[in-house]
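Here's a friendly walk through one protein model. Take a look at it first, and then we'll go through it piece by piece.

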Amino acid sequence: MDDLVGLAVIVILVVVAGAICGLIALVQLNGLKQEVAVLRAKVTHLQTHKPISQSEPQSEASTAQAALSRSEPIAAYKARSNLTPQSVSPPVINQPSAPPKKAKPAKASAIELLFNKLRAGFEENWMTWIGAIALAFGGIFLAKYSLEAGLLSPVMRLSLGGLFGLSLIAAAAYLHHKRIVFEGFNNYIPAALASGGFITCFALTLLAYSSYDMLSPTVAFFALAVIAISASAMALRLGPLLAVLGIIGAYSVPIWVSTGSGNLFALFMYVGFVSLSAALVAHKVQRAWLWYLLWAGHIGWYLVGFTLLKINTVWLMGTFALLSIVGLIAIPRLGLKLSVIEHRPHSLKRLIKVLPDHLLLLAFIAPLIFTMLISHFDMQWQTIGVLCIVLVLFLVLKNSRWDIWQGVALVISTLLVIGAERTHLSPNLFDDALFIFKNEYGLGLLLGLLLTAFGLYYGKKQIKRLAFHITGAFSAFVMIATLYTLIPNSALSTAYPLWAVVLFVVAAILIKLAQHNTTLFQRFTYWVGANANITLAITMLLSDSGLTIALAVQVLLISVLIKRYSVPMPHWPIKALVAALLLRLTLSSWTPSYDALTVFGLHWSIVVYPLCIALFFAAAKCFDSSKLKIWLEGAALHCLALFITTETSYQLVGHYPQFDSLNFYEQILLTCNWLALGCVYLHRAKLAGTLAKLYQVAGFALAGLAGVFAIKTLLDDNPLFESLYIGELPIFNWLLLLWLVPAGLTLWLAKLVKPINAKATPFILAVAGGFILLAINSFIRQYWQGPYIYLSKGASNAELYSYSVIWLVMGAGTVIFGHLKNQLLIQKVGLGLLAAVIVKVFLIDMANLEGLLKALSFIGLGLSLVGLSWLFQKLRSRVNPV
C-alpha cells in the first residue's frame with residue numbers, strides 16, 4: 001500500500017510539473033507573438049513612411065537582435081531567425097518629418113527568467129528529478145518498513161538505512177567535485193541525490209530516538225543538528241533547489257515516520273532544528289520563497305502541537321512560541337546580537353504595513369492566548385502571558401517599525417485578566433478586603449501601572465514615537481476599565497477608592513506632561529488620556545451604564561480637541577470607539593442585569609439613550625465636512641432607534657420588547673417606530689455619501705419589519721374582528737397609531753422610494769390608501785360603538801348614514817383636489833370613492849327606508865350629485881379656459 005502511495009505521489013508531481021511547464025510555455029509563446037508583431041509594425045513603418053540614415057536602421061535592427069538574444073531561449077531565437085536586418089530596405093527621404101518612437105523590446109521579468117530556467121532545466125533533467133523524488137520516498141518507506149516488518153534487528157535496519165542515505169550524499173559530493181561547478185540552478189544531479197540522502201538521514205535519526213530509544217535526547221539533539229547543518233552547507237554549494245527539497249522533505253518526515261507516541265518535545269526539537277537550518281540557507285541564498293516554505297512548515301507543526309497539548313507541556317508550548325518569535329522575526333531583522341536597528345518614528349500607515357512581521361507575530365501569539373482562555377488558568381499560563389508581554393515590549397525597543405506591538409501587549413494583558421477572572425471566580429473572594437491586590441485584580445492593576453510607566457519613560461526618551469505616549473496615556477485606563485466590568489456591584493465600594501486614586505494620579509501626571517511636550521500629537525494624546533481617566537473615575541460612582549456615558553463623553557471630548565487644535569488624526573479610532581459604544585447600547589436592552597437598573601432614580605434607558613444621542617450630535621458638529629460627521633450622525637440615529645424601540649415598550653408593559661410574545665399594543669408601537677425610523681434612514685441616505693447604501697439597507701429593513709407587524713395586526717389582532725380595547729376618546733385612541741399614523745408614514749415612504757425604485761411606488765401608495773380607509777372607517781365606528789369596535793356588535797342606521805356622508809364629502813374633496821392639482825390619478829380615486837358611496841347608499845342605506853324618508857333620501861342624493869357635477873364643470877372651466 002505504501003508503494004502505491006509513493007507511486008501516486010510521484011505521478012502527481014510529474015503531472016503538476018508538466019502543467020507548470022505548459023503554462024510557462026504558453027506565457028512565453030504569447031510574449032514571442034507580441035514581439036513579432038512589434039517588429040513587423042516597425043518594418044512596415046520604415047518601408048512606407050520616411051527614409052532615415054543608413055546607421056539608424058542598423059542601430060535599431062541590432063538593438064532588436066540584441067533584445068532577442070537576451071530574452072529568448074536558443075530554440076525560439078532560431079525559429080525567428082528569418083527576421084534579419086538585411087531584409088529591411090531603407091526608404092528614400094522625401095520630406096523631413098518627426099522620427100517615429102522606437103518600440104522598446106519586451107524585457108523579461110525576474111520571475112519569468114526563473115521559470116524559463118526551471119523549465120529548461122526540467123526539460124533536460126526531468127528523469128533525474130523524478131528519480132531523486134523516488135529515492136527520497138524510497139528512503140522514507142525503507143525506514144517505515146523497517147519499523148513494521150521486523151526482518152532485521154533495529155541496529156541493522158538503521159545502519160543499512162543510514163548507509164543508503166550517506167551513500168547518496170557521498171555520491172552527490174563526488175559528482176559535484178569532479179564536474180564543473182555550475183552557478184544558479186543548473187547543478188541538478190548532485191542536488192537531487194543529496195536531497196534524497198538528507199531526507200533519509202533525518203527520518204532514521206528521528207526513528208532511532210523516538211521509536212527504538214537508541215539515542216538519548218542529547219545525542220538525538222546533536223545528531224539532528226549535524227544533519228541540518230550539513231544539509232545547509234551542501235545546499236549553499238549545490239543551489240537553492242536542494243534547499244527546497246530538503247526543507248519540504250525535512251518538515252514532512254514526522255508525517256511519514258509517525259510513531260503515534262505524541263512526544264511533543266521530540267517533535268518541537270526536530271522542527272526547531274529543521275527551521276534553523278532552513279533559515280540559514282534562506283538567509284545565505286537570498287531567496288524569498290525559501291522563507292515562505294520555512295514559515296509554512298514551522299507554523300504548521302506549531303499548530304499541530306496544540307492538539308498534543310497536556311498540562312505538563314504548557315511550558316514547552318510557550319517556550320517554543322517565544323523562541324519562534326525570536327528566531328523567525330527578531331533575528332532575521334536584528335541579527336544574532338539583537339542590536340537596535342531603528343529609532344526614528346513612523347506614520348501609522350507605515351507601521352501597519354510592516355509585513356510579514358505582524359502576521360508572524362499573530363500566528364504565534366493568537367493560538368497561544370486563545371488556548372490559555374479556554375484552558376484552566378494557572379501559574380504556567382500566567383507566566384507565559386507575562387513573558388509574551390515582556391518579549392513584545394523588548395522587541396519594540398529594538399525596532400521602531402514594531403511600535404504597534406505595544407497594542408498587542410495591552411491586549412494580552414487584558415486577556416490575561418479576563419482569563420484569570422473566569423478561573424478564579426469564587427463567592428468567598430470578596431470577603432477579604434484585600435482582594436483588590438489578589439488574583440485578577442492585583443494582576444490587572446500591576447500590569448496597568450507597569451505599562452503606563454513603560455510608555456511614559458520611553459516616551460520621554462524618544463519623544464517623537466507616538467506609540468509610547470499612547471501606551472502611557474491609556475494603559476491604566478484600559479486595565480482598570482476591564483476590572484470595573486468584571487467586578488460585581490457589591491464589591492465596587494471596596495475597590496473604588498484605590499482605583500479612583502490611581503486614575504486621578506495618572507491623570508494629573510498626564511496633564512503635567514501635556515504642558516511640556518513639544519508636538520501637537522503628544523499634547524493631544526495626554527489630554528485625551530487624562531480625560532479618559534477622570535471620566536472613568538467619575539463613572540465608577542454611577543451604575544453599570546455610567547461606563548457607556550463615560551465613553552460617549554470621550555467621543556465628544558476627542559472631537560472637541562481635534563477641532564480646537566486642528567489635529568489631523570485618523571478617523572478609524574473614533575469610529576472603533578463609536579462602534580463599541582453602539583454594540584454596548586444595543587445589547588444592554590436585552591441584558592438581564594439592566595432590567596431594573598436606574599440612573600438618578602430613573603430607569604437607565606430614559607437617561608442613557610437621550611444623553612448619548614445629544615453627545616453624538618454634538619460631536620458631529622465638530623466636523624464640518626467630513627465622513628466622520630455622517631458616521632456620528634448615524635450613530636445618533638441608531639441610538640434614537642434604540643430609544644424609541646425599547647422605551648415605548650418598557651413604559652407600556654414594564655419590560656423591553658420580547659418579539660416572540662408581543663401584545664397588541666406593543667405591535668402597534670413597533671410598527672409606527674420602525675416605519676418612522678425606516679423613513680428617517682432613507683431620508684438620511686440622500687446626504688450620506690458613501691454610506692448611502694448602508695442607510696438604504698437599514699431603512700428598507702426597518703420598513704419591512706414594520707410591514708410584517710402591520711400584516712400580523714391586520715390578520716391576527718384586528719380590533720374589527722376581536723374584542724380589543726382601543727380607547728374612549730374619539731380620534732385620540734389606539735386607532736390613531738394603528739392605521740392613521742402608518743398611513744402618513746407610508747405616504748412619506750412612497751416619496752422616498754420613488755427615486756430609488758419607481759415601480760414600487762404605486763404598491764406603497766395602495767398600502768397607504770388601505771391604511772387611510774381602515775383608519776377613517778374605524779374612527780367612525782369608534783365614535784358610535786365606544787372602546788370596542790368589533791363588527792359582530794352590528795351597526796345602527798345613524799352609523800351607516802355617517803359612513804355615507806363622510807365618504808361623500810371626502811370623495812368630492814378628493815376630486816376637487818385632483819382638478820386643482822391637475823392630477824388625473826387623484827381625480828380617478830375621488831370618482832371611485834363617490835361611486836362606492838352611491839352603491840352603498842342604494843344597496844344598504846336606502847334598503848330599509850319607506851315612504852317620505854325614502855323619497856327625501858333619493859331627492860337629497862340627486863341634488864348632491866347635480867351640485868357636484870356643476871362644481872366639477874366650473875372647476876374644469878377655470879383650469880382649462882376656452
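**The big picture**

This is a predicted model, so local features need pLDDT of at least 70 and side-chain atom pairs count only at pLDDT 80 or more, while totals for chains, interfaces and linings use all residues. Residues are numbered from 1 along each chain as its sequence is written, and side-chain values use heavy atoms, with hydrogens and water left out.

The protein's secondary structure comes to 30 helices and two strands. Here helices (H or I, at least four residues) and strands (E, at least two) are DSSP runs numbered from the N terminus. Of the 882 residues in the protein, 45% are buried. Buried means under 20% relative accessible area, exposed means over 50%, and partly exposed is in between (1.4 Å probe, protein chains only). Contact means heavy atoms within 4.5 Å. Among contacts with a separation of 6 or more, 72% are between residues 24 or more positions apart.

**The cores**

A nonpolar core is a set of buried Ala, Val, Leu, Ile, Met, Phe, Trp, Tyr and Cys residues joined through side-chain atoms within 4.5 Å. The largest one holds 144 residues, and the members touching the most others are Leu368, Trp499, Leu536, Phe616 and Leu632. Helix 18 (residues 489-514) supplies the largest share of this core, 12 residues. Leaving out residues up to four places away in sequence, Trp499 touches Tyr441, Leu445, Ile480, Leu483, Tyr484, Ile487, Leu492 and Met540. There's also a second, separate core of 25 residues, which includes Leu670, Leu677, Leu745 and Leu752.

**A cavity**

How many cavities of 30 Å³ or more does a search of the whole structure find? It finds three. A cavity is a set of points, on a 1 Å grid over the protein atoms alone, where a 1.4 Å probe fits but cannot get out, and lining residues have an atom within 4 Å of a point. Grid points are joined across faces, edges and corners, and a volume is the space filled by probe spheres set on the points.

The second largest cavity has about 60 Å³ of space. Its lining is made up of Gln667, Ile668, Thr671, Ala710, Thr713, Leu737, Leu738, Trp739, Pro742 and Phe771. Helix 24 (664-685), helix 25 (692-715) and helix 26 (734-753) are the elements giving two or more residues to this lining, and helix 26 gives the most, with four. By type, the lining has seven nonpolar residues, three polar and no charged. In that count, Ala, Val, Leu, Ile, Met, Phe, Trp, Tyr, Cys and Pro are nonpolar, Asp, Glu, Lys and Arg are charged, and the others, Gly among them, are polar.

**Two helices**

The expected span of a helix is 1.5 Å times one less than its number of residues.

| Helix | Residues | Length | First to last C-alpha | Expected span |
|---|---|---|---|---|
| Helix 19 | 520-539 | 20 residues | 28 Å | 28 Å |
| Helix 22 | 604-620 | 17 residues | 24 Å | 24 Å |

Helix 19 is mostly covered, with 14 of its 20 residues buried. In helix 22, the buried residues include Trp604, Tyr609, Cys612 and Phe616. The cover over helix 22's buried residues includes helix 20 (545-565), helix 21 (572-588), strand 1 (598-599), strand 2 (602-603) and helix 23.

**Single residues worth a look**

Most residues other than glycine have a negative phi, and most peptide bonds are trans. Leu338, in the loop between helix 11 (314-334) and helix 12, has a positive phi near 50 degrees. Is Leu338 buried or exposed? Leu338 is buried, because its relative accessible area is 19%.

Ile731 also has a positive phi, of about 65 degrees. Ile731 sits in the loop between helix 25 and helix 26 and counts as partly exposed, at 44% relative accessibility.

The peptide bond from Leu355 to Pro356 is cis, with omega near 5 degrees. You'll find Pro356 in the loop between helix 12 (348-352) and helix 13 (357-374).

Phe659 is in the loop between helix 23 (627-653) and helix 24. With a relative accessible area of 43%, Phe659 is partly exposed. Beyond residues up to four places away in sequence, Phe659 touches Trp590, Leu670, Trp674 and Phe709.

Key: 1 Å grid on protein atoms, 1.4 Å probe; cavity = no way out; pocket = protein on both sides within 12 Å on 5 of 7 lines; lining within 4 Å.
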